[in-house]
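Let us walk through this structure step by step. Keep the sequence and the 3D view side by side as you read.

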Amino acid sequence: MSTSDSVTDTKNLAAGHAQQAAQGAQQRASEVASQAGDATHAVAGTASDQAQNVKEETVRQARNVLSVASSQVSAQAATQQTQRFSGILRELAEELGQTAGAVSGGNATELVPPGR
């Protein structure tokens, strides 16, 4: 075998190895791309699930805040009504007391005992 045949054989062998390496690299790149696509899909699914969880928690907390606010407004309204009613009763008692003092022996004196 001559030197030129040996060089040609070496070139062919190197070209074959290069082609095998290129095919291997291409196959590996395809596998990596597939894995990346799968991972991206999994991340997107997880992100979607978490977004749904955040939405549900936000709605739950908003309803809770609304419920607390509604209860507080109702309690405040009840307190105000009680205070108004108490004031009206005091005014009525004063008026009845004044009427009892002004009238001697009428119906008002029967409703409000002396000394009140």
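A salt bridge is a side-chain nitrogen of Lys or Arg within 4 Å of a carboxyl oxygen of Asp or Glu. How many salt bridges does this rule give? The count comes to 2. Before we visit them, note what we are looking at. This is a predicted model, where local features need pLDDT of at least 70, side-chain atom pairs count only at pLDDT 80 or more, and totals for chains, interfaces and linings use all residues. Residues are numbered from 1 along each chain as its sequence is written, and side-chain values use heavy atoms, with hydrogens and water left out.

Start with the overall fold. The chain has 2 helices and 0 strands. Helices (H or I, at least four residues) and strands (E, at least two) are DSSP runs, numbered from the N terminus. Helix H1 covers residues 3-102.

Accessible areas come from the Shrake-Rupley method with a 1.4 Å probe; for residues, only the protein chains shown count as cover. The chain exposes about 9,700 Å². Carbon and sulfur atoms supply 56% of that area. Buried means under 20% relative accessible area, exposed means over 50%, and partly exposed lies in between (1.4 Å probe, protein chains only). Of the 116 residues, 3% count as buried.

Back to the salt bridges. Arg-28 pairs with Glu-31, and their closest N and O atoms are 3.3 Å apart. Both residues lie in helix H1, 3 residues apart, about one turn of the helix. Arg-28 has a relative accessible area of 45%, so it is partly exposed. Glu-31 is partly exposed too, at 35%.

Glu-57 is partly exposed at 33%. Arg-60 counts as partly exposed at 45%.

Last, find the nonpolar patch. Phe-85, Leu-89 and Leu-92 form it on the surface, with about 300 Å² of accessible area together. Patches are made of residues with over 30% relative accessible area and no salt bridge; like charges are joined within 9 Å, nonpolar side chains (Val, Leu, Ile, Met, Phe, Trp, Tyr) within 5 Å. Leu-92 belongs to helix H1, and its relative accessible area is 43%, so it is partly exposed.
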